[in-house]
Structure formats: structure tokens, C-alpha cells
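User: I would like to go through a structure with you, one feature at a time. Could you take my questions as they come?

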Amino acid sequence: MTYPDPTLFGHDPWWLILAKSLGIFVFLLLTVLAAILIERKILGRMQLRIGPNRVGPGGLLQSLADGVKLALKEGLVPAGVDKGIYLAAPVIAVIPAFMAFAVIPLGGEVSVFGHRTALQLTDLPVAVLYILAVTSIGVYGIVLAGWASGSVYPLLGGLRSTAQVISYEIAMALSFVAVFIYAGTMSTSGIVAAQADTWYIFLLLPSFLVYLTSMVGETNRAPFDLPEAEGELVGGFHTEYSSLKFAMFMLAEYVNMTTVSALATTLFLGGWRAPWPVSLWEGANSGWWPLLWFTAKVWLFLFVFMWLRATLPRMRYDQFMALGWRILIPVSLVWIAIVAITEPLRDRGVSSWAIALVGLAVVAALLLALLGWKRLRSGRIRPEPVPAGPAAYPVPPLPARDRPKESADA
């Protein structure tokens, strides 16, 4: 296997950097076109109906036809909008979605026309934090779109998106901490190299589950699609958008899905490394083969997105907030404490059984402390009994009951 040499980044010729950038752009566009079509096919299959099957052989050109249709539609700008921000919001949403993919490693070292280069545009010592920061900027497009539309439903969608980002980005960032502790680096290529022996999905399963939940909330996908809830807010933040401006929001959503799936692959599934038993083949992690394994892992997560959309109903907003603040964030904090305690023991050669015992002891102590705190609180605060009696707000009688019989007979 060939890991990228950190000195390779930043020394590629200009034409190779341009080719990598164009390759990432085309890869993401083709993934979006395929994901829209495959999602409609999967939803049709799961809901016992026929999906797209008219445009092209087997409906293969349906996504392309939809894109052309959106491009040819008239672009309306409603009266009363803040026009500058209204037009800039789709751009703010879509550009960071592409920028975040710049530090994702798609493979190891390859040779391109005699030049040794990594299948990665660039890398940073804080690459994962760069992805988190860029994706956070992209959400401003949703918030500004809701505010600039000058309408009630988009404004509600923008406010929901604000609360959603604050809640779930905290949980997502906390899920990264355990990975940083184990890998000893925030570089994406370094994290992939640290998983040469064991993928972090096995060592850091709680972090993976927290990230898996947070990435669905981060991308506004069902059952967490509250900023664009069609049944409640018409279309949410993009209600007043049409034509290419609406298409850019859809493009940003699917590119963000691909980006968070690629990040999950990089942090927890060994990145571009081949899965077992393919990894037993000596050349599985060399040349251009890693690009195939990486793409397959990304599509595995994209299928999970589609599966959730076809399976789960939209959550209530209070349930959605409670999941982030009362479950994901506390679990992440407890897990970080356990990892921070056991990682130095592992470095000092302590056996895995001892590490497991320490982890279980910490968990048991925290559970006991939580139960004790609840018991003390329940002893201090006792609910007052509600006196029986008439309702505070009785329902008034219907008008038909108040009318006298004489007037009714007349």
C-alpha cells in the first residue's frame, strides 16, 4: 500500500491541480445526478410503485431532463424580497459544499503522466476542522434565503435551520474528538493512515453513531428535514425560489450529502482502504483501485440517507431538539472522557482487558451518579396535587343550543 507523502501537497504543477479540481467537480456532479435518479428508483421500490421509467432507457436520463427543465423555467423574483441577499443565498449554499471536498482523500499515491501525486487536492494539519467550518458557512445560505424571501414560511424555515445547525454541529464536532485522540492528528490523510490495522468504526462505535445521526440533521434530510417541511411550511426556506436558484439549493443538498458521507468514510471506515476480504489481495490498496473502494463506501452512506427517507416520518421539532441536546451531546461528552482515560493506558502497554474494565467502571460510575442526582431531585421537588373541579377554560355552548325553540320552529 502507498500512503500519500505529506510533502507532495502544494508542489503539483498547475495543470495537475487544475485537473484534480475539475475531476472533483465532475465527480460530485455525476454523483448528484446519479443519486437523484437512484433515490427516486429506491423510493419507488420501497413504496411499491414505479419510479422514473420514461426518459431514456429505463429512465436513466430523468435527472438530466429535470435539470434542463429547471434551467429553462422562468426565474421569478417575488416583490418585497431583499434582492441582493435573495440572489446570493443559493450561491452561498452551493460553493462551500464543493469547497469542503478539497481535503477528502480519494486514494493513495498514483502516477499521472509521470508525476507522482496523491488522489487528494490538498491536505491541512486541521483538515477536519476546515470541513466543519466550510459546511457551517454553507448553512448561512439557508438562513439568509429564509430571511430575505420576505415571507412567513421561509422565515420559519430559516429559524429552524439556525437552531438545527447550532444543535447538531456541536454533537458532530464532539464526535470528531475521539478520532483526533486515537489518530493523533486532524489531517484527513493522517487519519486514514492511522486506520491501517483497525477501522475506527470498531474502536469508536459511539462516535460513529453520534456522527451518523448528526450528519442527517446537518444535511436537512428526512426525518430531520424540518427547515423545508413540505407538510408544515409549504417548502420552507426555498418556498419563494424557482428555476436555477431552486436547482442550486437541491445541488447543495446532495453535494453536502456526498461530503458528509465521504467524511464518515474517511474518519470511521478506513477511507480509501479496501474492505476485508478484498484487502487480502496485495494490490488492493495501490494504484487507482482505492478510488473504487472509496466510492463504494460513500454510496453505502448515500443509500442510508435514501433508506431513512423512505422509512421514517418527520420528527416533531421538540423531539428533534431533545435528541440533540439531551442524548447526542451528553453521550459524546461521556464517551470523550472514556477515550481520554483509556488512550494513555493503551499507549503504555496496558492490556485490552484492563482498558475495557476501566471503561465499564467509568460508565457505571456515571450512570450511578445520574441515577442518584435524579433521585435527589425527585425528593426535593414534589408536584402539587391538581384539585378536581371544572375545567379552567370551559367550551362555550354551540349557537344552535342557545336558540329558543320558537325561533327555530318559525
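User: Let us start with Pro 90. Where is Pro 90 found?

Analyst: Pro 90 is found in helix α3, which covers residues 83-99. Please keep in mind that this is a predicted model.

User: Is Pro 90 buried or exposed?

Analyst: Pro 90 is buried: its relative accessible area is 1%, and the limit for that class is under 20%.

User: Which residues is Pro 90 in contact with, leaving aside neighbours within four places in sequence?

Analyst: With those neighbours set aside, the contacts of Pro 90 are Tyr 241, Lys 245, Met 248 and Phe 249.

User: Let me step back. What does the secondary structure of the chain come to?

Analyst: The protein chain has 15 helices and 2 strands. It is made up of 410 residues, of which 42% count as buried. Considering contacts between residues at least 6 apart in sequence, 78% join residues at least 24 apart.

User: How many nonpolar, polar and charged residues are in the lining of the largest pocket?

Analyst: There are 26 nonpolar, 10 polar and 13 charged residues in the lining of the largest pocket.

User: Where does the largest pocket lie relative to the domains?

Analyst: The largest pocket lies between domain 1 (29-71) and domain 2 (73-275 + 288-330), because both give residues to its lining.

User: Which residues line the largest cavity?

Analyst: The lining is formed by Ile 131, Leu 132, Thr 135, Met 172, Phe 176, Tyr 211, Glu 218, Val 260 and Leu 263. Two or more of these residues come from each of α4, α5 (152-183), α8 (205-218) and α10. The largest share, 3 residues, belongs to α4. By class, the lining of the largest cavity has 7 nonpolar residues, 1 polar and 1 charged.

User: Which members of the largest nonpolar core touch the most other members?

Analyst: Among its 84 residues, these are Phe 101, Phe 176, Tyr 211 and Met 215. Helix α10 gives the most to this core, with 11 residues. Domain 1 (29-71) and domain 2 (73-275 + 288-330) both contribute residues, so the core lies between them.

User: Staying with α10, is Thr 258 buried or exposed?

Analyst: Thr 258, placed in helix α10, counts as buried at 2% relative accessibility. Not counting residues up to four places away in sequence, Thr 258 touches Leu 28, Thr 31, Phe 101, Val 298 and Leu 302.

User: Let us turn to the backbone. Which peptide bond is cis?

Analyst: The bond from Trp 276 to Pro 277 is cis, with omega near 5 degrees. Pro 277 lies in the loop between α10 and α11 (289-311). As background, most peptide bonds are trans, and most residues other than glycine have a negative phi.

User: On that last point, what is the phi of Leu 48?

Analyst: Phi of Leu 48 is near 55 degrees, a positive value in a residue other than glycine. Ser 243 also has a positive phi, near 55 degrees.

User: Where is Leu 48 placed, and where is Ser 243 found?

Analyst: Leu 48 is in the loop between α1 and α2 and counts as exposed at 80% relative accessibility. Ser 243 is found in helix α10 and is buried, with a relative accessible area of 6%.

Terms used: Residues numbered from 1 in each chain as written. Predicted model: local features only at pLDDT ≥ 70, side-chain atom pairs only at ≥ 80, totals over all residues. Heavy atoms only, no water. Nonpolar A, V, L, I, M, F, W, Y, C, P; charged D, E, K, R; others polar. Domains from an automatic or database assignment. 1 Å grid on protein atoms, 1.4 Å probe; cavity = no way out; pocket = protein on both sides within 12 Å on 5 of 7 lines; lining within 4 Å. Helix = DSSP H or I, 4+ residues; strand = E, 2+ residues; numbered from the N terminus. Core = buried A, V, L, I, M, F, W, Y, C linked by side-chain atoms within 4.5 Å. Buried < 20%, exposed > 50% of the residue type's maximum accessible area, 1.4 Å probe, protein only. Contact = heavy atoms within 4.5 Å.
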